[in-house]
Amino acid sequence: MSDLDAYDYEFPRRLIAQEPLPNRADARLLVVHRGDATFQHSHVRDLPQILRSGDLLIFNDTRVVPARLVGFRTLTAGHWEGLFLRSDEQGLWRLLARSRGKMAIGETITLVNAAGADDVRLRLVERAEDGVWVMHAESDEHTFALLDRIGRTPLPPYIRHGEMLPADRERYQTIYARQPGAVAAPTAGLHFTSELLKRLEVGGIGHAYVTLHVGLDTFRPISVERLADHPMHSEWGELSETTAQIIRDCRARGGRIVAVGTTSVRVLETVAASGDEMAAWSGWTNLFIRPPYAFKSVDALITNFHLPRTTLLVLVGEFAGRELIQRAYQEAIRQEYRFYSYGDTMLIE
């Protein structure tokens, strides 16, 4: 029996949300009570009544960059598509890409901008491991400014086969996103509005921010049979001294830490693993939360419904208990909750 059998499930594909709701906070909320293993059906807009005064929400303020690139081989005019992952200290881009025919080192790609016009060129420098291409952008523009001009929103393939609409530039972004670097949205945060944050504050529920630049590997299915054999990817994250102090103050008054999304969990647990007291931190983390794991910093979790056989579902199963999560997913399917990035969410208390 594979370790992953406990993290697999089937459901009608019609439940995969293709569009977000007009009002983000109207998303349904499945409240999972770990204490008595019961469920409550509610909505995100009701969080001020569900959470407790003194609780602290931790959001991931990463900003999704327009990382999907479309173009053609300059030499042959063959179609090309790529996904920007990150740039290094030398300004070289790392991408996942595919093209018709094998490209030679030194060959260039001409990118096509959103208006359909030929634009900047990318030159192939190296082919790295795991299908990653290392390329040089023949432009003096800053990387993120260039991506903002020519890139497309990197929607996951289960949303309209990855084809963005103009509205997705705003919809596939949290309202508090400010640190550019993610190639996928921290989706649990997509449900929050400015009005909801104000109502939470009035109810004595605070919030603070961490950063984790979400990478593509976060959502990839695990391809090995044993969880211990899975090579966990690394993502860059940060927890500021300001946030660390807010968390320490919350703990001192007996408040709960409520992580909004699995990415926030990974930052908090990475920092907690380095010492007994929450402290400022920045760097790369490849923390894979899998059984057996004892959570040190998170009391409750708001998280969307995740793809089967992924590290995200393993993390959620470890936080709530695998059997309880299996029951919760079956309950969500029976009640026809909307799944994945633009879908509904759950609160695990």
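A pocket here is an open set of points on a 1 Å grid over the protein atoms alone, where a 1.4 Å probe fits and protein lies on both sides within 12 Å along at least five of seven lines. This is a predicted model: local features need pLDDT of at least 70, side-chain atom pairs count only at pLDDT 80 or more, and totals for linings use all residues. Residues are numbered from 1 along each chain as its sequence is written.

**View 1. The largest pocket holds about 1100 Å³ of space.** Its volume is the space filled by probe spheres set on the points. Of 34 lining residues (an atom within 4 Å of a point), Leu85, Arg86, Asp217, Ser234 and Trp284 are the closest to the centre. Strand S6 (79-87) gives the most to this lining, with 4 residues. Strands here are DSSP runs of E, at least two residues, and helices are runs of H or I, at least four. Helix H2 (143-150) is among the elements that supply at least two residues.

**View 2. The second largest pocket holds about 610 Å³.** Leu83, Leu155, Pro156, Pro157 and Leu216 are the closest to its centre, out of 26 lining residues. Strand S5 (68-73), S6 and S7 each give two or more residues to this lining.

**View 3. A cis peptide bond runs from Pro291 to Pro292.** Omega is near -5°. Pro292 is found in the loop between strands S15 (281-285) and S16 (300-304).

**View 4. Tyr340 has a positive phi of about 75°.** Tyr340 sits in the loop between H8 and S17. With a relative accessible area of 3%, Tyr340 is buried (under 20%).

How values were computed
Heavy atoms only, no water. Buried < 20%, exposed > 50% of the residue type's maximum accessible area, 1.4 Å probe, protein only.
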